[in-house]
Amino acid sequence: MTRIGGPISLTDPVRFSDDPPRVCDVVIIGGGIAGVMTGLYLTRAGLRVFLCEKGRIAAEQSSRNWGWVRQQGRDPAELPIMIRSLRLWERLDQGLGAHVGLVRGGVTYLAEDEATMARYQDWLAIARDHGLDTRLVDRAELDAVLPNASGWIGGLTTPSDARAEPWTAVPAIAAMAHAEGLGIAENCAARTVEVANGAVTGVHHGTRADPGRPGVIGGQGMVRAVWRECRNAPAAACGAGDSGRDGPTAADFEGAADSNSPFAAKDGNYTLAPKSNMMLVPTPCAI
Ligand SMILES: Cc1cc2nc3c(=O)[nH]c(=O)nc-3n(C[C@H](O)[C@H](O)[C@H](O)COP(=O)(O)OP(=O)(O)OC[C@H]3O[C@@H](n4cnc5c(N)ncnc54)[C@H](O)[C@@H]3O)c2cc1C
């Protein structure tokens, strides 16, 4: 079995160590998928952008998630964004090949009872309005792909839904953005954001390697909009808990399944998360 990528941690070597500039247009704090993508597109828009990551690019949630690029089950307001996002992922995949690992393998939700099937049926109308290929699957069809499935009576599937490989996609996109001009420093924590007259005027940062020589990046109007949003936001928001990802496993999925089984992917990795238990942590940084 070929294993693609692997967990990213602080034991990985630093790949990006640009010197923080004295002045730039935008400072991005955090090198997860949100920061890296924002950096890519703002750099392409011609801005001088610098990204500070306190650890390693994608070493936190952005390399631990399931990697779904999913249209199915979305709120109707989100669907056009997801359909567009899938097209953007496809373009990234064409440019970066195996690193993005995009596979249009479909996403399927399973149902244990008729009430769930009825909810899936309702969502079909939304799918149709947006031209998606979503359809219901029955027990016989499930049996063909998941023999001995216990408890599931059917499901909802969207064959055009995709999955990318978080372990490799985010670092590869960061490398592409870097090559296009995005400044990136790993091991570089933003410590304080300086504000004057309602505008962000500086981001103080420090590196683990050289904590005695903290620096500041300045710039007119930098990250002003983001900061204003944060100040007006409620004091607490809910963030979902972590998922876990790990290497190959043979015993977890042997052709039988129920709603608590971890699923093995064809590359030998598996993704594990509880079905209906989420830890909601109300913290300001979840905003
Ligand atoms: C169980 C689960 C499953 C999921 N599955 C999917 C899925 O299938 N598909 C999907 O699209 N999404 C999924 N998500 C959501 C997705 O993982 C997150 O939305 C996404 O990773 C968030 O990215 P981010 O860049 O905002 O945050 P993160 O990946 O957490 O990145 C934030 C970065 O900021 C850095 N940082 C923090 N403070 C500082 C500082 N002061 N200075 C410098 N750097 C700092 C951190 O080190 C970190 O690297 C899932 C989430 C969970 C919990």
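## A buried glycine to start from

Gly 183 is buried, since 22 other C-beta atoms lie within 10 Å of its own. The cut-offs here are 20 or more other C-beta atoms within 10 Å for buried, 12 or fewer for exposed, and partly exposed in between, with C-beta atoms placed from the backbone. This is a predicted model, in which local features need pLDDT of at least 70 and side-chain atom pairs count only at pLDDT 80 or more, while totals for chains, interfaces and linings use all residues. Residues are numbered from 1 along each chain as its sequence is written.

Gly 183 has its place in strand β8. Helices (H or I, at least four residues) and strands (E, at least two) are DSSP runs, numbered from the N terminus. Leaving aside neighbours within four places in sequence, Gly 183 is in contact with Asp 18, Pro 21, Val 49, Phe 50 and Leu 51; a contact requires C-beta atoms, placed from the backbone, within 7 Å. Ile 28 lies 155 residues from Gly 183 in sequence, yet their C-alpha atoms are 9.9 Å apart in space.

## The chain as a whole

The protein chain comes to six helices and 16 strands. Of its 287 residues, 28% are buried. Among contacts between residues at least 6 apart in sequence, 70% join residues at least 24 apart.

## The parallel sheet

β1, β2 and β8 form an open sheet of three strands in the order β1-β2-β8, with parallel pairing. Strands count as paired if DSSP finds at least two bridges between them. The edge strands, β1 (26-29) and β8 (183-185), each pair on one side only. From one strand to the next, the twist averages 15 degrees. Strand β2 (residues 49-52) pairs with β8 over three bridges, in the parallel sense, and Phe 50 stands opposite Gly 183.

Helix α1 (residues 33-44) lies across β1 and β2, running at about 165 degrees to β2. Axes for such angles are lines fitted to C-alpha atoms, for helices over the stretch in contact, and the angles run from 0 to 180 degrees between N-to-C directions.

## The nonpolar core

In soluble globular proteins, nonpolar side chains tend to be buried together. Here, the largest nonpolar core has 32 residues, and those with the most contacts inside it are Val 36, Leu 51, Ile 57, Val 170, Ile 173 and Ala 174. Such a core is a set of buried Ala, Val, Leu, Ile, Met, Phe, Trp, Tyr and Cys residues joined through C-beta atoms within 7 Å. At least two residues of this core come from each of β1, α1, β2, α5 (166-179) and β8; the largest share, seven residues, is supplied by α5. Val 36 shows how the pieces meet: beyond four places in sequence, Val 36 is in contact with Gly 31, Ile 57, Val 170, Ile 173, Ala 174 and Ala 177.

Helix α5 also holds His 178, which is buried, with 20 other C-beta atoms within 10 Å. Not counting residues up to four places away in sequence, His 178 touches Phe 16 and Ile 184. Phe 50 is 128 residues from His 178 in sequence, with 9.8 Å between their C-alpha atoms.

## The antiparallel sheet

A further open sheet of three strands has the order β4-β6-β5 and antiparallel pairing. β4 (107-111) and β5 (135-138) stand at its edges with a single partner strand each, so one side of each is left without a neighbour in the sheet. The twist averages 25 degrees from one strand to the next. Four bridges join β5 to strand β6 (residues 154-158), and Arg 135 has Thr 157 as its bridge partner in β6.

α3 packs on this sheet, touching β4, β5 and β6, and its direction makes about 145 degrees with that of β4. The 16 residues of α3 (residues 114-129) reach 24 Å from first C-alpha to last, close to the 22 Å expected at 1.5 Å a residue; the expected span is 1.5 Å times one less than the number of residues.

## Positive phi angles

Ala 58, with a positive phi of about 65 degrees, sits in the loop between β2 and β3 (68-69) and counts as buried, with 26 C-beta neighbours inside 10 Å. Asn 197, with phi near 50 degrees, is found in the loop between β9 (188-196) and β10 (199-207) and is exposed, with 5 other C-beta atoms within 10 Å.

Notes: Two residues are in contact if their C-beta atoms, placed from the backbone, lie within 7 Å.
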